[in-house]
Amino acid sequence: MNTTISKPQRGRGVIARYCQYLPVSESTPTISLGEGDTPLIYCPQLSERVGRNCDVFVKNEGLNPTCSFKDRGMTVAVSKAVERGACTLICASTGNTSASAAAYAARAGISCVVILPSGKIASGKLLQAFACSAKIVAIDGNFDDALQIVRELGERGGFSIVNSINPDRIAGQRTAAFEIVDEIGDAPDFHLLPVGNAGNIAAYWAGYREYQSRQKSTKIPAMIGFQAASAAPIFYNRVIEKPETVASAIRIGNPAGWKQASAAIAESHGTIDIVSDEQILAAQAWLARHEGIFVEPASAATIAGLFKSCDSTEAAYSFKKIPEKSRIVCTVTGHGLKDPDVIMQRVREVKPVPATVKDVQRAIGP
Ligand code: F0G
């Protein structure tokens with residue numbers, strides 16, 4: 001029997017697939033969970049909403065190993081940290097970074113400390129960090145306070161910071177842009193995504209620019225970011241002391257990547273806009289019901305933003321007159337199962353009926 005297992009480039013993780021674009025060498029150990037290679041899903045109903053023969057694709061980053069886009073950067077950051085001899089990772093998080101850091105630390109056999117805003121982490125994400133045995137410290141403060149503490153602890157030594165202030169994280173996250181170009185043959189015309197600590201928008205922009213400079217694409221997209229209306233420091237151009245939103249992943253008032261995000265938006269001729277919590281939850285329900293894609297609220301901010309750009313006269317970027325046949329990619333960043341709490345209220349309303357065909361038929365209704 002032939003027991004040789006061939007190692008295809010795809011499905012092997014972003015370091016194996018894109019090593020020539022990443023800050024890794026022969027001496028870098030690859031700490032991977034097979035991240036990346038996520039589906040780019042053509043969405044007929046979203047395309048119809050935009051009209052003008054445009055094509056809308058959803059890049060479903062919720063299908064990474066820990067169910068968020070963070071894994072792309074984490075594989076690089078943790079591999080590099082291990083190469084440098086790190087024993088303990090540390091991060092501040094609104095949930096997904098901590099879930100990812102905990103998993104990659106476990107994979108590497110090192111420890112992980114996560115600093116979280118108490119009571120503000122979606123239950124699925126907290127479970128992930130617990131399952132992977134991270135040391136969890138909840139603070140009476142928000143994400144911005146947690147990141148400040150992490151920066152200070154990082155300076156004292158003994159910890160490797162794996163927030164997106166670590167350039168290895170951003171390097172890895174660029175691979176999402178590479179995958180999109182590799183799949184559709186060129187860059188899209190518009191790229192929409194949610195903005196929190198503002199690392200991902202800068203990472204995509206760097207990825208698109210890199211591919212264009214290597215003649216892998218003929219153009220670069222306009223980057224359009226969306227913040228939650230009461231947690232929108234970049235949109236309002238001021239620090240928000242007490243950010244609030246149902247989209248807890250992007251509940252951030254003073255993003256670390258502010259400058260880089262602003263540069264990406266300006267250089268790409270894109271924009272930043274806001275969406276309300278009501279619009280976010282409506283878009284989350286719409287995407288699940290009409291395209292079968294269940295995402296967490298922060299990810300639904302992208303779809304809410306797309307609707308705003310199609311429908312509202314107040315949109316920072318209107319899609320009413322975009323060129324015919326434009327290609328639009330919407331990144332959805334995290335899986336819906338991470339944050340079940342809002343939908344759980346509806347689940348609880350399902351009351352059992354007697355186990356008879358008659359009762360079940362009555363419950364199904366007309
Ligand atoms: N979407 C999700 C699901 C996120 O978890 C985050 C950030 C973002 C969007 C925003 O991305 O920060 O690069 O602008 N989550 C971080 C965390 C802050 O701690 O998990 P960004």
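An open sheet of four strands, arranged in the order β5-β4-β3-β6 with parallel pairing, is present in this predicted model (strands count as paired if DSSP finds at least two bridges between them; strands, E runs of at least two residues, and helices, H or I runs of at least four, are taken from DSSP and numbered from the N terminus). Its edge strands, each pairing on one side only, are β5 (135-139) and β6 (160-161). Helix α6 (residues 143-156) packs on the sheet and touches β3 (88-92), β4, β5 and β6, a contact being heavy atoms within 4.5 Å. The direction of α6 makes about 150 degrees with that of β3; axes are lines fitted to C-alpha atoms, for helices over the stretch in contact, with angles from 0 to 180 degrees between N-to-C directions. Strand β4 (residues 111-117) runs parallel to β5 and is joined to it by five bridges. Leucine 116 lies opposite alanine 138 in β5.

The protein chain contains 15 helices and ten strands. Of its 366 residues, 54% are buried (under 20% relative accessible area, with a 1.4 Å probe and protein chains only). Among contacts between residues at least 6 apart in sequence, 71% join residues at least 24 apart. The C-alpha trace spans about 65 × 65 × 55 Å along its principal axes.

Residues are numbered from 1 along each chain as its sequence is written, and side-chain values use heavy atoms, leaving out hydrogens and water. Local features need pLDDT of at least 70 and side-chain atom pairs count only at pLDDT 80 or more, whereas totals for chains, interfaces and linings use all residues.

Note on methods: Buried means under 20% relative accessible area, exposed over 50%, partly exposed in between (1.4 Å probe, protein chains only).
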